[in-house]
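Open your viewer and get ready to click along. Each stop on this tour tells you what to select and what is there.

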Amino acid sequence: MLDIFSYSFMVNAFIVGVLIAVCCALLGVVLVLKRYSMIGDGLSHVGFGALSVAAVLNFSTPLYIALPVVMLAAYFLLRITEKGRVNADAAIALISSSALAIGVFVASINGTNIDLQQYMFGSILAVGQNDIIISVVLTVLVLAVYILFYNKIFAVTFDEGFARATGIHTSVYNIAVSVLTAVTIVVGMRMLGTLLISALIIFPALTSMRLCKRFITVVISSVIVSVFCVIAGLFTSFYFDDVPVGATIVIYNLAIFLLFTCLSFIAKFSKKK
Amino acid sequence: MSLLKVQNLSLGYEGKVIVSDISFTVNEGDFLSIIGENGTGKTTLVKGLLGLVSKHSGEIRLSEGVSQSHIGYLGQKNLVSKDFPASVYEIVMSGFLNSKRFGLFYTKKQKQEATALMERVGITKLRNRTFSELSGGQQQRVLLCRALCATTKLILLDEPTTGLDPIATSEFYSLLSELNKEGVTVIMVSHDVTGAIKMSSHIFYLGKTESFFGSTHQYLHSNVGKDIMLQGCPCDSCAHKEKEVKQNA
């Protein structure tokens with residue numbers, strides 16, 4: 001059973017996977033509750049575009065190009081959404097598909113060695129030493145922000161008007177959340193894939209909200225669900241050859257979401273009786 | 001003692017003046033209602049008082065011991081999504097945020113204070129309930145409790161009874177009245193003029209062309225206020241006026 005850890009690439013995948021799962025869950029709760037879920041989706045596509053362009057231009061570590069680009073995109077997407085314009089969601093969809101198109105176009109030019117399949121659906125083998133360092137730093141940062149400012153994060157998420165009235169600089173929190181999300185997505189998308197990473201942000205929070213009715217319990221439950229799905233997905237894809245890890249993790253998320261939904265119906269039903 | 005003094009205040013966004021040349025004073029223990037038609041800038045004025053809109057000219061002077069971030073604020077219609085997972089207790093406690101910098105835990109004193117305030121506004125039993133499952137009246141009381149956690153000196157309410165049924169509205173009003181009698185200074189923006197007149201000691205009317213500030217009694221007998229004169233006003237001057245009108249007719 002534990003021979004899985006005799007492969008160093010699996011150990012790397014476990015470390016990065018679990019850390020990214022924790023970050024995705026924590027940030028996802030805020031993003032989902034603030035109705036910023038689309039930002040996560042948009043960012044993964046921008047990340048794909050940036051990684052492809054960086055690879056074509058032969059940068060040794062495309063990550064260093066993708067990170068600042070996606071952070072910048074996070075800031076802009078946030079601004080678009082914050083202003084509450086009617087077509088904010090349309091603007092995000094536009095940006096995602098454009099970035100995706102640029103990525104695919106660039107990757108298809110003759111003479112490049114980009115593996116589209118790997119970018120779209122992720123691969124355990126894409127995880128390197130760099131990713132471990134970045135994900136450790138990122139997780140420490142996300143956890144520190146969450147623990148130190150937990151109450152303020154709650155206040156800003158729940159009622160921005162009141163938070164601003166009590167002197168909290170809400171835009172700082174919004175920018176911090178979107179920049180951290182940007183880093184999480186860029187690191188996570190290479191393992192889980194462009195098309196699947198946003199599921200990791202949205203699913204745990206939504207799943208937890210089926211059963212948990214307090215903010216703190218939603219946060220804790222999201223982390224547990226998220227980490228469980230990543231670990232289960234990694235084991236499954238290791239023991240069933242050729243099963244892509246990203247898709248497996250998303251399917252686990254879906255299964256738990258359905259399970260929690262059923263449980264919430266049962267709870268409601270039994271309460272009525 | 002004056003708690004808040006606004007003098008010749010003008011406010012607006014991006015160079016556009018929305019409210020101009022406003023003056024009024026709020027003393028400790030007052031109940032000031034800010035009334036006026038839609039689009040006259042009541043909400044802008046509230047934001048100005050909270051320091052969220054920069055002022056063009058004039059002055060907002062708060063007495064010592066009160067700061068803009070220490071005004072208990074109950075905003076216009078909370079925009080909380082329908083299924084937001086938050087318990088009543090979590091929301092009430094977030095009122096203390098202006099008095100702490102960071103950290104995961106609230107102090108013991110704050111917890112005791114919150115418990116007392118929850119008892120005061122009658123939501124002790126709701127403590128562990130989910131906010132989104134409560135009725136509109138209960139939700140407003142929770143948010144009022146949060147505002148009181150921020151301060152029990154001066155609370156600022158922006159149309160707190162919008163969307164409440166008549167019973168919940170009158171319950172909310174009587175709670176406000178009681179708090180006011182216990183020494184909490186209240187500033188309330190309201191659409192409900194009759195309710196505002198019954199409750200408040202002072203009225204600030206914000207009109208498109210003119211504004212008025214004075215005691216409720218003065219307001220009722222002023223040019224702007226006489227249109228909404230309550231029927232059967234008991235004061236002498238009204239009876240006198242009625243007689244005059246009859247004689248002229």
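The tour goes from the cavities to the contact between the chains and then to a pocket.

**Before you start**

This is a predicted model, where local features need pLDDT of at least 70 and side-chain atom pairs count only at pLDDT 80 or more, while totals for chains, interfaces and linings use all residues. Residues are numbered from 1 along each chain as its sequence is written, chains are lettered from A and ligands numbered from 1 in the order in which they are written, and side-chain values use heavy atoms, with hydrogens and water left out.

**Stop 1: the largest cavity**

A search of the whole structure turns up three cavities of 30 Å³ or more. On a 1 Å grid over the protein atoms alone, a cavity is a set of points where a 1.4 Å probe fits but cannot get out, and lining residues have an atom within 4 Å of a point. Grid points are joined across faces, edges and corners, and a volume is the space filled by probe spheres set on the points.

Select A:L27, A:V30, A:V142, A:V145, A:Y146, A:I153, A:Y173, A:A176, A:V177 and A:L180: these line the largest cavity, with a volume of about 60 Å³. Which classes of residue make up this lining? There are ten nonpolar, no polar and no charged residues. Here Ala, Val, Leu, Ile, Met, Phe, Trp, Tyr, Cys and Pro count as nonpolar, Asp, Glu, Lys and Arg as charged, and the others, Gly among them, as polar.

Now colour α1 (8-33), α6 (129-148) and α9 (170-192) of chain A, each of which supplies at least two lining residues. The biggest contribution, four residues, is from α9(A). Helices are DSSP runs (H or I, at least four residues), numbered from the N terminus.

**Stop 2: the second largest cavity**

Next, select A:V30, A:K34, A:I153, A:V156, A:T157, A:Y173, A:N174 and A:V177, which line the second largest cavity. The volume is about 50 Å³, and the lining has five nonpolar, two polar and one charged residues.

**Stop 3: where the chains meet**

Show both chains. Chain A brings 27 residues to the contact and chain B brings 31 residues (heavy atoms within 4.5 Å). Together the chains bury about 2500 Å², 66% of it on carbon and sulfur atoms; buried area is the accessible area (1.4 Å probe) that two parts lose on being put together, summed over both. Click on A:N151, A:F158 and A:F162, which supply 29% of the area that chain A buries against chain B, more than any other three residues.

Which side chains form the salt bridge here? Zoom in on A:D159 and B:R146, at 2.8 Å from N to O. The count between the two chains is one salt bridge (a side-chain nitrogen of Lys or Arg within 4 Å of a carboxyl oxygen of Asp or Glu).

**Stop 4: the second largest pocket**

Finally, find the second largest pocket, with about 540 Å³ of space. A pocket is an open set of points with protein on both sides within 12 Å along at least five of seven lines. Of its 18 lining residues, select A:M209, A:R210, A:K213, A:K268 and B:E133, the closest to the centre. Both α10 (197-211) and α12 (245-272) of chain A give two or more residues, and α12(A) has the largest share, six residues. By class, this lining has seven nonpolar, four polar and seven charged residues.
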